[in-house]
Amino acid sequence: MLKLLRANFSRLWKTKIFWGAAALLALIGAAIPLKFLIDNQSGASAWTPDTACFTFAFLVPVLLSVLAALFIGSEYSDGTMRNKCIVGHRRGSIYLANLIVCIAAGAMLCAAYLLPYLCLSLPLLGHFEAPVQAVLLYAGLNLLLTFAFAALYTLTAMLIQSKAHTTAAGILLVFALLFAGVHITSALNEPEYYSAYSYTGNGVTVEAQEERNPNYLTGTKRQVYEFLHDFTPGGQTLQLANMNTEHPAQLALYSSLILLAASACGILAFRRKDLK
């Protein structure tokens with residue numbers, strides 16, 4: 001297991017896509033505070049470090065999906081995966097070694113954004129409006145969600161031998177999850193009633209009374225949407241990026257369940273996979 005980890009991390013340090021993704025996140029993390037400072041000085045807004053501290057919740061899953069697909073997919077295309085099995089490494093160890101490296105890569109990509117963002121936003125924009133405990137809580141939840149995404153990408157990459165197909169599947173998966181999260185959040189944010197309003201046209205004043213919104217979710221359907229909002233990685237991403245979750249303990253539990261379930265299913269499936 002240790003030999004597999006050393007070999008994998010050695011490959012990771014030499015992977016250009018990893019350093020390119022880290023550099024891109026660091027650039028974005030440094031550019032956002034500077035843009036906010038310009039806006040604050042012009043009086044157009046009053047940004048604080050809270051505003052975009054966890055914007056990487058959207059960025060890291062997308063970049064990590066590509067990184068995991070190419071990193072693991074190259075083991076199939078180069079014959080490395082089959083050779084590892086031939087020399088006696090257990091399939092469970094091979095899977096866990098790749099999972100650990102993907103998790104570590106995800107954590108480092110989060111840090112690549114956060115470090116420059118905090119180093120610039122705190123002196124330029126002032127202190128956080130949220131308590132320090134809340135910021136640390138959201139940082140931990142974002143990290144745990146990144147681990148869950150890494151487990152899903154590892155599952156996909158370890159079961160699909162084509163690098164191109166793995167990359168496409170990873171990108172489709174992450175965008176499907178994010179779009180599903182947007183849809184669920186939009187549905188839950190529908191107001192229960194449309195407010196009363198009035199307008200004047202051609203000298204005639206028209207008044208509309210308050211009326212119920214037919215798109216407002218109620219009953220069991222609303223409960224299902226609320227569960228999916230907290231359970232699905234896409235729904236969690238929107239909540240954590242905006243620091244507005246009401247159920248942090250549930251989000252942590254669901255991310256852990258996704259991580260464990262995806263890992264267990266992946267190991268079982270990989271053990272039975274026919275390596276060509």
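Predicted model: local features only at pLDDT ≥ 70, side-chain atom pairs only at ≥ 80, totals over all residues.
Me: Which residues of H10 make the contact with H8?
Reply: From H8, the contact takes Phe 227, Asp 230 and Phe 231. By class, this contact of H8 with H10 has five nonpolar, one polar and one charged residues. On the H10 side, the residues are Gln 250, Leu 251, Tyr 254 and Ile 258.

Me: How are H9 and H10 oriented to each other?
Reply: H9 and H10 pack with their axes 11 Å apart, at an angle of about 140°. Their crossing is left-handed. Angles over 145 degrees would count as roughly antiparallel, so H9 and H10 are oblique to each other.

Me: How many charged residues are in the contact of H9 with H10?
Reply: H9 brings Pro 233, Gln 236, Gln 239 and Leu 240, and H10 brings Leu 251, Tyr 254, Ser 255 and Ile 258. By class, the contact has five nonpolar and three polar residues, and the charged ones number no residues.

Me: Which helix gives the most to the lining of the largest pocket?
Reply: The largest pocket holds about 340 Å³ of space. Of its 14 lining residues, Leu 188, His 229, Gln 239, Asn 244 and Glu 246 are the closest to its centre. Helix H7 (163–188), H8 and helix H9 (233–241) are the elements that give two or more residues to the lining. With four residues, the helix that gives the most is H8.

Notes. Residues numbered from 1 in each chain as written. Heavy atoms only, no water. Contact = heavy atoms within 4.5 Å. Nonpolar A, V, L, I, M, F, W, Y, C, P; charged D, E, K, R; others polar. 1 Å grid on protein atoms, 1.4 Å probe; cavity = no way out; pocket = protein on both sides within 12 Å on 5 of 7 lines; lining within 4 Å. Points joined across faces, edges and corners; volume = space filled by probe spheres on them. Axes fitted to C-alpha atoms, helices over the stretch in contact; angles between N-to-C directions. Parallel < 35°, antiparallel > 145°, perpendicular 65-115°, else oblique. Left-handed = near helix turned anticlockwise from the far one by under 90°.
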